[in-house]
Amino acid sequence: MNPLLRFFSGIRVFAVFIVLEIIAVILFIGNSYYQQSTILKSMHTTWSMVVRPVHSLTQYFSLGVVNRQLAEENNRLRNELEYLQSGLDSAAVTLVHDEEYRPLYSYIPAEIIDNSINKQQNYIMLNAGSEQGVTTEMGVITEQGVVGIVISVSKHYALVKSILNTEWKFNVRLKSSGDFGPMQWDGINYRQSILSDIPQHSNVVKGDTVVTSGYSRMFPQGIPVGVVDTAVIKRGNFYEVKVNLFIDLRKAQYVNIVNSIYRNELDSLKITER
């Protein structure tokens with residue numbers, strides 16, 4: 001006899017038993033709402049135990065894509081806001097001069113692919129370069145604040161001097177009083193930086209917001225930087241202000257590179273960072 005036929009012949013009694021059991025269970029469930037509810041609940045619990053971990057795992061691996069999409073959307077909205085803001089700022093001029101207003105800045109999205117925070121001179125590598133329109137001396141920001149300044153560019157990458165670099169400083173101001181001065185990292189705490197040259201007569205208040213001054217062509221004015229922590233008199237008549245930075249460069253991933261549209265024109269007039 002064929003081995004396959006012998007196999008089916010040997011299990012036919014067991015197969016008939018299984019079929020009858022299935023029929024009995026179906027009839028039993030069909031005539032009992034309580035049993036239907038109990039079995040469906042058990043099936044739902046089992047299904048949840050299997051599906052939920054798989055769903056969670058899928059969501060985790062999709063976070064990178066979601067974050068990238070959000071960064072791109074933020075960059076698009078920032079560019080639109082810059083355009084609208086330039087229109088509001090020049091509305092009075094437009095009434096007497098019919099020249100079309102134009103934004104002062106545009107923004108190029110990029111992702112941090114290498115970063116350091118534990119040295120005295122820290123640098124960041126971005127995955128955007130000359131092909132995307134990046135050039136040296138462009139500022140780099142996130143929604144949390146200033147990141148640094150581009151110092152070197154290749155076709156597809158850009159090297160950024162980090163805000164956590166003791167050899168770089170940029171101009172900021174106190175939001176409440178308007179007093180401004182240079183900010184420079186002291187190499188100690190990666191979440192703090194030092195604002196100096198604030199006159200002694202200034203009203204320096206703990207918790208006051210520190211923002212970019214707008215005097216530098218690298219950053220628009222009003223970009224949040226941090227909040228005042230402490231202030232002490234140094235060099236006679238000036239405050240040295242310790243500022244708690246908004247940005248946490250350990251966690252930063254997506255950035256916007258600031259393109260100052262009229263930078264070359266400003267450079268030709270020899271306007272330099274104060």
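How many bridges join strand 4 to strand 5? The structure examined here is a predicted model, in which local features need pLDDT of at least 70 and side-chain atom pairs count only at pLDDT 80 or more, while totals for chains, interfaces and linings use all residues. Residues are numbered from 1 along each chain as its sequence is written, and side-chain values use heavy atoms, with hydrogens and water left out.

Strand 4 (residues 145-153) is joined to strand 5 by 5 bridges, and the two run antiparallel. Two strands are said to pair if DSSP finds at least two bridges between them. Within this pair, I149 stands opposite K161 of strand 5. The two strands form a hairpin, with 4 residues between them. Strand 5 also pairs with strand 2 (residues 121-126), in the antiparallel sense and over 5 bridges. Here Q121 is found opposite N165 in strand 5.

Strand 5 (residues 158-165) has 7 of its 8 residues buried, so it is largely enclosed by the rest of the structure. Buried means under 20% relative accessible area, with a 1.4 Å probe and protein chains only.

The protein chain as a whole contains 4 helices and 12 strands; these are DSSP runs numbered from the N terminus, helices being H or I of at least four residues and strands E of at least two. Of its 274 residues, 33% count as buried. Among contacts (heavy atoms within 4.5 Å) between residues at least 6 apart in sequence, 59% join residues at least 24 apart.

Notes: Buried < 20%, exposed > 50% of the residue type's maximum accessible area, 1.4 Å probe, protein only.
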